[in-house]
Protein chains: 4
Amino acid sequence: MREIGSVGFMDKPVPEPGPTDAVVRTTKALICTSDSHTVQGGIGPRTNLTLGHEGVGVVHAVGGEVKDFRPGDRVLVGAITPDWGDLAAQNGYPSQSGGALGGFKFANLKDGVFAEYFHVSGADANLARIPDDIPDDVAVYCADMLSTGFMGAEHGAIPIGGTVAVLAQGPVGLMATAGARLRGAGLVIGVESVPSRQELARFYGADVIVDFGKEDVVERIHELTDGQGVDTAIEALGADVTFQTAVKVTKPGGTISVIGYFGQGEFVHIPRVEWGVGMADKTIATGLCPGGRLRMERLLRVLRNKRVDPTRLTTHRFPFSEMERAFEVSDKKLEDTVKVLVSFDE
Amino acid sequence: MREIGSVGFMDKPVPEPGPTDAVVRTTKALICTSDSHTVQGGIGPRTNLTLGHEGVGVVHAVGGEVKDFRPGDRVLVGAITPDWGDLAAQNGYPSQSGGALGGFKFANLKDGVFAEYFHVSGADANLARIPDDIPDDVAVYCADMLSTGFMGAEHGAIPIGGTVAVLAQGPVGLMATAGARLRGAGLVIGVESVPSRQELARFYGADVIVDFGKEDVVERIHELTDGQGVDTAIEALGADVTFQTAVKVTKPGGTISVIGYFGQGEFVHIPRVEWGVGMADKTIATGLCPGGRLRMERLLRVLRNKRVDPTRLTTHRFPFSEMERAFEVSDKKLEDTVKVLVSFDE
Amino acid sequence: MREIGSVGFMDKPVPEPGPTDAVVRTTKALICTSDSHTVQGGIGPRTNLTLGHEGVGVVHAVGGEVKDFRPGDRVLVGAITPDWGDLAAQNGYPSQSGGALGGFKFANLKDGVFAEYFHVSGADANLARIPDDIPDDVAVYCADMLSTGFMGAEHGAIPIGGTVAVLAQGPVGLMATAGARLRGAGLVIGVESVPSRQELARFYGADVIVDFGKEDVVERIHELTDGQGVDTAIEALGADVTFQTAVKVTKPGGTISVIGYFGQGEFVHIPRVEWGVGMADKTIATGLCPGGRLRMERLLRVLRNKRVDPTRLTTHRFPFSEMERAFEVSDKKLEDTVKVLVSFDE
Amino acid sequence: MREIGSVGFMDKPVPEPGPTDAVVRTTKALICTSDSHTVQGGIGPRTNLTLGHEGVGVVHAVGGEVKDFRPGDRVLVGAITPDWGDLAAQNGYPSQSGGALGGFKFANLKDGVFAEYFHVSGADANLARIPDDIPDDVAVYCADMLSTGFMGAEHGAIPIGGTVAVLAQGPVGLMATAGARLRGAGLVIGVESVPSRQELARFYGADVIVDFGKEDVVERIHELTDGQGVDTAIEALGADVTFQTAVKVTKPGGTISVIGYFGQGEFVHIPRVEWGVGMADKTIATGLCPGGRLRMERLLRVLRNKRVDPTRLTTHRFPFSEMERAFEVSDKKLEDTVKVLVSFDE
C-alpha cells in the first residue's frame with residue numbers, strides 16, 4: 001500500500017530483529033478483507049505500508065534474548081502480536097495491549113507479512129512452531145481465521161446442546177460456525193444467501209441454513225427455536241442491520257457475540273424493544289482476534305487432530321509475483337471467492 | 001392506576017392464595033419512578049391495575065403447600081417474583097422466566113403492592129423472613145433498590161481496586177454506587193449534577209463527583225484514570241446520552257453495565273469508534289432486578305450487619321391515606337425527592 | 001431392593017401425581033453401577049425401595065396444575081429432579097436442592113424407575129418431550145450418562161484446542177470423552193486398560209489411549225503434553241488412586257473435574273507436592289448430574305443433530321421380566337459389559 | 001540465609017539491570033513466615049540466598065529498554081514477578097509462569113529484598129509507582145499481604161451478602177477477612193483463638209469470632225448459617241486440619257479457597273462424606289499471590305482511598321542493622337507478633 005487507494009510492489013530492506021524479536025521469511029500468506037478496508041482508509045491514512053497479517057514462514061534471524069526459536073524453524077505468527085507485559089494484557093485482554101486494538105500491529109502500526117521477510121516482536125511469546133504434519137497452507141489459517149471465528153463461539157458462552165445463529169458465512173463466519181460446533185452447540189443456524197457459501201456453511205457444521213434473501217430471518221429463527229430465540233447469535237459481518245438482527249434473534253439471557261469489523265456510521269443501533277428495554281439479560285460481547293503462542297499452539301492442535309479442515313476456504317492461489325492480481329481478486333470479491341492464498345516459496 | 005394517565009383509589013377484594021402462594025398484609029412500600037412510567041403507558045395499556053412493586057408486610061394467609069411461612073411472619077418480597085421452574089430460570093435468568101422481563105409481575109402482570117393486601121406466587125421461593133432487628137422501612141429497600149443497584153455492580157465484573165463510574169445518582173444509581181464499594185472498587189466516580197444527590201453519592205461511597213453540567217464527563221473520567229477509562233461504567237438512568245457516555249468512558253476490556261430502563265426511541269445508540277469498531281472487548285451487560293428468597297436473604301444480611309444504610313434515601317413519608325399526594329410528589333420529582341415511603345400501618 | 005444386599009420383584013400400587021407432578025409409564029431404562037452401590041448400602045439402609053434412575057416413558061397421568069404435558073406424551077426424565085424453588089437451586093446448584101445431593105430422589109428418597117410406572121415431581125420443570133425421530137433406547141442415555149459425562153467436560157473449563165485426560169472409560173467416562181470433544185478439546189487422552197473400552201474410547205473421541213496396566217500414566221501424559229500436563233483432568237471412576245493421578249497430570253492453572261462417586265474411605269487424598277503445596281492454581285471441581293427440562297432438551301438436541309451416538313454403550317438388553325438377570329449382569333460387570341438396557345414395552 | 005538453618009549478613013555486589021530490568025534501593029521490607037519456611041528448608045536447599053520478598057524502595061538503575069520508570073521513582077514491587085510472555089501467563093496464570101509457582105523468584109530463584117539493593121525483572125510490567133500520599137511502610141503491604149489475602153476472597157466467588165469463614169487470622173488471614181468485606185460478604189466469620197488476633201479480626205471486618213479452642217468450629221458455623229454452611233471458606237493457615245474444617249463448613253455449591261502454604265505431609269486430606277462423596281458441587285480453589293504492575297496499582301488505589309488500613313498489622317519495627325533480631329522475633333512468633341517491618345532508610 002502506497003497511500004489510501006493505491007497498492008503496488010516496493011523494495012524495502014530486510015528487517016533486523018531487536019533483542020527479543022525475530023525476522024521470518026514468508027512462505028504462505030492469506031489476503032483478508034480487512035486489507036481492503038485498510039487500503040480504503042478504514043484505519044486512517046498510511047503510506048508505504050506493507051499489507052498482510054496472516055502469514056507463516058521460516059525463522060530467518062532471532063534477537064539475542066530469544067530462547068525457544070532458531071533460524072530454520074517453521075513458524076506460525078498470530079495476526080495479533082500482543083505486548084504481554086502491558087497493563088491490558090495483565091488485565092486479560094492482550095489484544096488491547098498498547099491501547100484499543102493495539103495488539104494489531106501488522107499492516108497497521110508496522111509493516112505486514114506480504115513481503116519476503118517480516119518482523120515479529122516478542123518471538124518467544126508470539127511465535128509457534130508448526131508440527132511437521134501440518135503444511136504451511138493449512139497452518140496459515142490459524143493466524144486470523146480460526147482465532148477470530150472461534151473467538152466468536154467462545155465469547156458466546158454456548159452451552160452444550162445450545163442454539164446458535166451465525167450471521168453471515170464469509171471466511172470468519174464459517175470459522176465461527178465451525179467454532180460453534182467445537183463448543184458443542186446442539187443446533188447451528190447459518191444465515192447466508194450466496195449458494196456456494198451456504199454449501200460451505202453446511203460443510204463446517206451448520207445444521208440449517210436461513211437465506212435472508214428468501215425468508216424473514218427473525219421469524220424463521222424463532223420458529224426453529226420454539227419461539228425462544230437462540231442462546232447465542234454471532235455477528236460475523238460488521239453491518240448495522242446484521243447486528244440488529246442478532247439482538248432480535250437472541251433469547252433473554254443469551255449473548256450477542258460480535259466478531260465483525262464495523263467500518264461505517266457514527267452509531268451502531270441496538271433495537272430498544274427487542275433488547276428488552278435494557279433489562280433482558282442480553283449481553284453484547286466483542287473482541288479482537290486472540291494472538292500469542294499459546295493460542296496458536298492450541299489452534300495447531302485443533303488442526304493436527306483433524307477437528308476442522310480449513311483448506312476448503314482456499315478458493316484461489318497465486319504466487320507472490322502475482323500479488324497485485326491476487327489482491328484484486330480478493331478485493332472485488334469475485335463470485336465464490338472466499339480466501340486467496342499467496343505463495344512466497346513456489 | 002385506572003388507565004393510562006389516571007390514578008386513584010379503588011376497592012378490590014382481598015386476594016386468595018393458590019396452593020403454593022401467600023397473601024401479605026402490606027406495612028410499608030416505596031414508590032418507584034417506574035410506577036410513573038407505567039402510568040404513562042411505558043409498558044402498554046393497563047386498566048384498574050394496582051401499582052407498586054416494593055413492599056414488605058405480614059403474612060396474612062398461605063396456601064396448603066407452603067412449608068416455611070405462616071400467618072403473622074414479617075416478610076420481604078422481591079420486586080421480581082420468578083417462576084423458578086421455568087426454562088429461563090433453569091438457564092440462570094429467573095427474572096426472564098415466562099418470557100422477557102416475565103418475572104416482573106407486580107403492577108405489570110398482576111396487582112401490585114399499593115394495597116392493604118397483595119398476592120405473592122411461590123411463597124417458599126419468593127418470600128424472606130425479616131429479622132427482628134431490621135425495621136420494615138429499612139427492609140423494604142431490598143425489594144428493588146438494593147437488588148437492582150447492586151446488580152449493576154455485580155454485572156460490571158469490578159476487580160478489587162478497579163475503577164468504576166456510576167452515571168446518574170438517582171436511588172438506583174446511589175445503590176449502584178454502594179454496590180461498587182461492596183465489590184471492592186478502588187475508585188468510584190459518581191456522575192451527577194443535583195447537589196443533594198451529589199451529597200448522597202458521597203455518603204454511599206463515591207470518591208469523586210463529576211458534574212456533567214460543569215465539566216466534560218468523558219474528558220474528566222479519562223483524566224481521573226490516567227487516560228485509560230474505567231474498568232466498569234454503570235448506566236443507571238436509561239437514557240441514550242448516558243449510555244453513549246458509558247461506552248466512551250469504559251476502557252478496552254471493560255464492562256458497561258446497564259441498569260436503567262430505556263423507555264424511549266426506536267434505537268439505543270452505540271458510538272461506533274469508541275466501542276472500538278466492535279473489537280475493543282467492551283462488554284455491554286444488562287439485567288432486571290434479581291428476586292427470590294435467597295437474594296432477599298442475602299440483602300437483609302447486608303443490612304443487618306450494617307454494610308449499607310438505605311434510610312438516607314427516604315426523603316418523604318406519607319400514610320396510605322395520602323397515597324395520591326405521595327404519588328404526585330414522586331412523579332413530579334420535586335427538588336430533592338429521592339424515595340417516597342408509604343406507610344400502611346400508621 | 002428389599003434391603004441391603006437383596007433385590008427382587010415387588011408389587012406396589014401405581015403412584016398418584018400431586019398437583020404439579022406426573023406419573024410416567026416406563027418404556028426403557030438403564031441400569032447404573034450406582035444402583036449396585038445402593039444395594040450394597042452405599043447411601044445407607046433402604047427397604048423396599050424401587051431402584052433405577054435412568055428411564056424414559058409415556059405420561060400416564062398429570063396433576064391439575066401441570067401445563068405443558070398430557071397423558072400420552074413420550075418423555076425423558078433426568079436422573080436428578082430438582083426442586084427449582086429451593087435455595088440451592090436459586091444459588092445455581094439445583095442438584096443440591098433440599099441439601100447435599102438432594103436432587104437425587106429416584107431410588108434414594110423415593111421409588112425409582114425400575115417399575116411399570118414411576119412418579120415425577122415438578123412435571124413442567126423436570127420432564128422433556130422426546131422428538132419423534134429419537135427412539136426411547138437412545139433418549140434414555142440423556143438421563144444420566146450424557147448429563148454427567150458432559151458435566152465433567154463443562155466443569156473442566158476446557159479451552160478450544162486444550163488438552164484433556166479422562167481417567168477411566170466406563171460409561172460415564174466415555175461420555176466425558178465425548179463431552180471433551182464437544183467442548184473443542186484439541187487432544188483427548190483416554191486412560192483405560194480394558195481393550196473393549198479402549199476401542200469405545202476411540203469411537204467417542206479419544207485421540208490417544210494410555211493403558212495404566214502397561215505404562216506410567218503420569219509420565220506418559222506429561223510426555224504427550226510437552227512436559228506441561230493437561231489443561232483438564234476428568235476423574236470418572238471415584239477412586240482415590242485415580243484422583244491422585246488426576247491432580248498429578250494437571251498443569252498449574254488447570255482443573256481437576258470430578259464426576260466419579262467416591263464410595264470408600266474416610267478421606268480422599270490430595271498429593272501435596274503435585275498440588276503445588278496449595279498454590280499452583282489447580283482447581284478441583286465436583287458436581288452431581290444436572291437435571292431438569294432445559295438440560296434434557298439440550299441433550300436431546302445433541303442426539304437429534306447426531307453429535308454423539310450413545311447406542312454403542314448398550315452391550316446388553318433384557319426385557320423387564322428378566323430384570324434380576326439384567327441386574328446381575330450389570331452388577332458383576334461381566335467382561336465387556338458397559339450398559340444394560342431394560343425394556344418395559346417389549 | 002547461608003544454608004538451611006542458618007542466617008546472617010553477607011556482602012554482595014550491587015546487582016546490574018538487564019535491558020528490561022530495574023535495580024531498586026530498598027527503603028522498607030516486611031518479614032514473612034515463608035521466609036522462615038525457606039530457612040527451614042521448605043523449598044529445598046539454598047545457599048547464600050538473600051531472603052525477603054515484600055519490599056518497596058526507590059529505583060536505582062534501569063535497563064535500556066525500560067520506558068516508564070526512571071532512577072528516583074518510588075516504587076512497589078509485587079512478591080511475585082511473573083514473566084508475562086510465558087505460556088502460563090498467556091493462560092491467565094502469571095504466578096505459574098516458568099513452571100509451578102515459577103513467578104515466585106525473590107528469595108527462591110534469585111536474591112530477595114532484604115538487602116540495600118535488589119533486582120527486578122521486567123520493570124515496566126512488574127513495578128508500580130507509589131503515589132505521594134502513601135508512605136512506604138503502608139505501600140509495602142501490597143506486595144504480598146493484600147495481594148494474597150484478597151486473592152482468597154476473589155477465588156472464593158463470594159456473592160454480595162454471602163457468608164464467609166476465614167480460618168486462621170494471621171496476617172494473610174486478616175487480609176482475607178478484609179478482602180471478604182471488600183467483596184461484599186454479608187457475614188464474615190473469623191476463626192481464631194489468640195485474643196490479639198481476634199481483636200484485629202474484628203478491626204478488619206469479622207462480624208463474629210469463633211474460637212476453635214473453646215467451641216466446635218463446624219457446629220458453630222452451621223449454627224451461624226441456619227444449618228447451611230458458608231458460601232465460602234478461606235483456608236489461611238496451610239494445615240491439614242484447617243483444610244478439613246474448611247471443607248466441612250462449606251455449603252453444597254460453595255467454594256473452599258486455599259491461600260495457606262501446605263508445608264508438611266505427603267497428602268492433604270479431603271473428608272470424603274462432607275465433600276459430598278465428590279458430588280456436592282464444592283469447589284476447591286488455590287493460588288499464589290498475584291503480582292504485576294496492574295495488580296499493584298489496584299492495591300495502591302485501595303490504600304489511597306482508605307478502604308483498608310494495613311498498618312495495624314505492624315507490631316514490630318527494626319532498622320536493617322538489627323535484621324537478625326528482627327528475623328528472630330518474626331521466626332519465633334513472640335506473643336502478639338503479626339508483622340515485623342524492617343527499615344533500610346532510617
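Predicted model: local features only at pLDDT ≥ 70, side-chain atom pairs only at ≥ 80, totals over all residues.
How many bridges join strand 11 of chain A to strand 11 of chain B, and do these strands run parallel or antiparallel?

**View 1. Strand 11 of chain A paired with strand 11 of chain B.** The two strands run antiparallel and are joined by five bridges. In chain B, strand 11 covers residues 267-271. Within this pairing, A:V268 has B:I270 as its bridge partner.

**View 2. The extent of the interface between chain A and chain B.** Contact involves 42 residues of chain A and 43 residues of chain B. The two chains bury about 3700 Å² between them, and carbon and sulfur atoms account for 59% of this area. On the side of chain A, the residues that lose the most area to chain B are A:R272, A:M279 and A:D281, which together make up 19% of what that side buries.

**View 3. Polar contacts between chain A and chain B.** Residue pairs in polar contact between the two chains number 23, counted where both residues have pLDDT 80 or more. Salt bridges across this interface, by contrast, number zero under the rule applied.

**View 4. Elements of chain A on the side that touches chain B.** Helix 9 (240-249), strand 10 (250-258), strand 11 (267-271) and strand 12 (283-285) each supply at least two residues to this side of chain A. Strand 11 of chain A gives the most, with five residues. By residue class, the side of chain A that touches chain B comprises 20 nonpolar, 16 polar and six charged residues.

Conventions. Residues numbered from 1 in each chain as written. Chains lettered and ligands numbered in written order. Heavy atoms only, no water. Contact = heavy atoms within 4.5 Å. Buried area = accessible area lost by both parts, 1.4 Å probe. Salt bridge = Lys/Arg side-chain N within 4 Å of Asp/Glu carboxyl O. Polar contact = N/O pair within 3.5 Å; in protein donor to acceptor, adjacent residues only side chain to side chain. Helix = DSSP H or I, 4+ residues; strand = E, 2+ residues; numbered from the N terminus. Nonpolar A, V, L, I, M, F, W, Y, C, P; charged D, E, K, R; others polar. Pairing = 2+ DSSP bridges.
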